[in-house]
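Visitor: I would like to learn how to read the main features of a two-chain model. Please take them one at a time.

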Amino acid sequence: MNEAAASQDNGSDGIIRMIDVNKWFGEFHVLKNINLNVGAGERIVICGPSGSGKSTVIRCINRLEEHQRGRIIVDGVELTNDLKHIEQIRREVGMCFQHFNLFPHLTVLDNLCLAPQYVRKAPRAEAEETAMMYLERVKIPEQADKFPGQLSGGQQQRVAIARSLCMNPKIMLFDEPTSALDPEMIKEVLDTMIELAETGMTMLVVTHEMGFAKTVANRVIFMDGGEVIEVNEPNEFFDNPQHDRTQLFLSQILAH
Amino acid sequence: MTTAWQPSPSLPPPASTVGAVGWARSNLFSTWLSSVFTVVLSLVTVYFLWQILDWGIFSADLAGKDQSACDGDGACWVFVKDRFNFFIYGFYPDAEQWRVNVMFFLLAALIFPQFFENAPYKKALGWIFLTVYPVVSGVLLLGGAFGLEFVDTDKWGGLMLTLVLSYVGIVAALPIGILLALGRRSEMPVIRTICVAFIELWRGVPLISVLFMASVMLPLFLPEGTNFNKLLRALIGITMFQSAYMAEVVRGGLQAIPRGQYEAAAALGLGYWRSMWLVILPQALKLVIPGIVNTFIALFKDTTLVLIIGLFEVLGGVQSAIIDPAWQNVAAEGFFFAAFVYWIFCFGMSRYSQALERKLDTGHHR
Ligand SMILES: Nc1ncnc2c1ncn2[C@@H]1O[C@H](COP(=O)(O)OP(=O)(O)OP(=O)(O)O)[C@@H](O)[C@H]1O
Ligand SMILES: [Mg+2]
C-alpha cells in the first residue's frame, strides 16, 4: 500500500480519530494511549485536574505538539512530519487560547483578515467582508478599527473566536477560553460559543464550565495523569460518575 | 426613596504646584541644599556657555581667506570655510561635485517625509530610499555610464564618504542581522551553528582590526594582481561587523515575543516565513527600535575608523587638514566642526527612532 493512500484515509467514522496516541515530554509520559473518535458536528468537553494533559491532547490535533506514538487522523488526513499535511489540517482546524493570543500590532480587522489573505489568498475586500460578518456574529463590529490592547478580555476572546472562524474551519479547538476572564465577561464568551455550537460546528473544548458542558456537549471526557478516565454524555457524567477519581474531581470543582 | 449617586466634582490642583513658579519651587528650590545646587550649577553653566559662545561666535573670525585673517582670540572659522569643500567632497573633482549634491538632495528629500506622521507617499518614498536610491547614487557617484565621467573611489572622501559607508552599512546590516537572528533561533542545528559561529566571530574582533585585515591580509589570499577595491573591502568589513551586532539586538526582540504569538500564527495556518514576516518580526523589531538605532549611531561614528586604511571621511579629512603647514592652531575648530557634523546626523537618527516608537505604539503594554 502506498503512502498517499495511507494518509488519505477517508475517515469513515469520525472527523478526528486518535488511535493509541502517546506522547512524552523528555522522560515524562504526558499522554498514555489516548483513543478518541469525534464525529462531524459533535461537541466534546474535556475536563480534569491541572497537569492532566488536556491542553496537550487538543494541541496534538493541530500539531502544536507532536505525538510520538499512535495515529491522529483529522478530516481524513493523517498527521505526520509532512509539512503539507500539517498546513492542510491547520487550515481546517481553528483554535482559541486561554490568553487569546491576538496580534497586538494589528487592528482587530487586520487580525481577522491576516490568515484569509495570506493563507487562503483571498482578496482584501473579500477578507474584510468575511471579517465584518464574523465580528457581527460575535457582536462587536464597532471595534473593528481598534487594537486588541484597547479591548476588554471578553471582547478580545470573541475577536479571537471570530479570527479563527474567518478561516472557515471544520473543527474548533478551545483551550480554557474563559479561565483568564473576569466573571462578568465569561458569559459573553460562553454565549458566543453556544451560538457557534448551534451552527453545527465540531468543537473540542477544554473547560471547567459545567453549565456550558451540560447545555452544549454531546460527550464529556475526564482526564487524569495523561489518561482518559471516563467518557459519558453530560447528564450521566455529572449526576452519576462511574469512577472514584471523577467523583472526587467533581466534588472539588462543585464545592465552590 | 433613593438618591442618585453623583460623582464628587473635580477640583483644580493647588496653585503652588502648577505654572513656572510652582514647578521651580518643587523641582529647584525644594530644600536649602537643592537651592544651593541650583544656584551653583546655574552659575557654572552660564560661565561655560559664555566662554563657548565668546570663542565660537563673538570673538571668532569668519571673513578672509587664510591664516592672516585670524587674530587668535576666538575660533578661526576661516579654516573650516577654506577647507569646507574638502570636508564634504574629499578629492572629488570640482566639476563633478554636482553629482554628489544630487545624492545629498535625494537623501534629504527621501528621508524628510519619514519624520512626519501624515506625509504623503511616505511608504513609497521609504521603499525608494531602500531600493532605487542606492542604485541611482552608485551610478551617479561612480560614473562611467550615461555620459558621466568615471570618478574612482580613491577620490571619494569627506561627508560624502561617511554617508556612503553608513548607508551601505545600515541598509545591508539590518536584513543580514535579521536573518542571522532567525538562524540563531532555528531548529535546524546546521543553520544554528553557522549563525552562532558567524556572529561570535565578528563580534569578538574590534572593527579596527577587521579593517586592517581587510586591507592588509585579504590581498595576501587573493591571486596576484587582483585589484580589490579598497572602499569595497571597507564596506564588506563594516557590513559583516554590524550585522553581527544587529543580529544580537534583533534576537533580544525575538526572545521577548510570547510563545502564544508563534502558536496563534501557526494555528491559523501561517508557515514559518509568513509567521515571521507578518506576526513576529513587526513586534520584535518594534521592541528593539532603540537598540537598532543605537547600533546605527555606533556604526555612523565607527565609519571614522576607515582612516586607518587610507580613506578620508569627515574626521579623517579634518585630521589631514589641520596638519597642513598653511594653517596653525586650528585643531579645535576642525574637531569642533567634525563633532558637530556627526552630532547632527546622530541626533537626527535618535529623533527619528523616538517618532517611530510613538507612531507604532498600539496601546499594548506588557
Ligand atoms: N513544553 C512542555 N515541556 C515539558 N513539560 C510540559 C510541557 N507542556 C506541558 N508539560 C507538562 O505536561 C503535563 C500536561 O500539561 P497540559 O498543559 O496538557 O496540562 P493541562 O491538563 O492542560 O493542565 P492545566 O489545567 O494546568 O492547563 C503537565 O505536567 C505539564 O507540566
Ligand atoms: Mg491547559
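Guide: Begin with contacts along chain B: among those between residues at least 6 apart in sequence, 66% join residues at least 24 apart. Contact means heavy atoms within 4.5 Å. This is a predicted model, in which local features need pLDDT of at least 70 and side-chain atom pairs count only at pLDDT 80 or more, while totals for chains, interfaces and linings use all residues. Residues are numbered from 1 along each chain as its sequence is written, chains are lettered from A and ligands numbered from 1 in the order in which they are written, and side-chain values use heavy atoms, with hydrogens and water left out.

Visitor: What is the corresponding percentage in chain A, among contacts between residues at least 6 apart in sequence?

Guide: In chain A, 65% of such contacts join residues at least 24 apart.

Visitor: How many helices and strands does chain B have?

Guide: Helices (H or I, at least four residues) and strands (E, at least two) are DSSP runs, numbered from the N terminus. Chain B has 15 helices and zero strands. Its radius of gyration is 27 Å, well over the 21 Å from the globule rule for 366 residues, so chain B is more spread out than a compact globule. The radius is taken over C-alpha atoms, and the rule is 2.2 Å times the number of residues to the power 0.38. The C-alpha trace of chain B spans about 100 × 65 × 40 Å along its principal axes.

Visitor: What does the radius of gyration say about chain A?

Guide: For 256 residues a compact globule would have a radius near 18 Å, and chain A agrees with 18 Å. The C-alpha trace of chain A spans about 55 × 50 × 35 Å along its principal axes. Its secondary structure comprises 10 helices and 10 strands.

Visitor: How is the size of an interface often given?

Guide: It is often given as the accessible area lost when the parts come together. Here buried area is that loss on putting two parts together (1.4 Å probe), summed over both. Between chain A and chain B it is about 1900 Å², with 64% from carbon and sulfur atoms. F103(A), P104(A) and H105(A) supply 28% of the area that chain A buries against chain B, more than any other three residues. The contact takes 24 residues from chain A and 20 from chain B.

Visitor: Is P148(A) buried or exposed?

Guide: P148(A) is buried, with a relative accessible area of 3%. It lies in the loop between α5 and α6 of chain A. Not counting residues up to four places away in sequence, P148(A) touches residues including F103(A) and P104(A).

Methods
Buried < 20%, exposed > 50% of the residue type's maximum accessible area, 1.4 Å probe, protein only.
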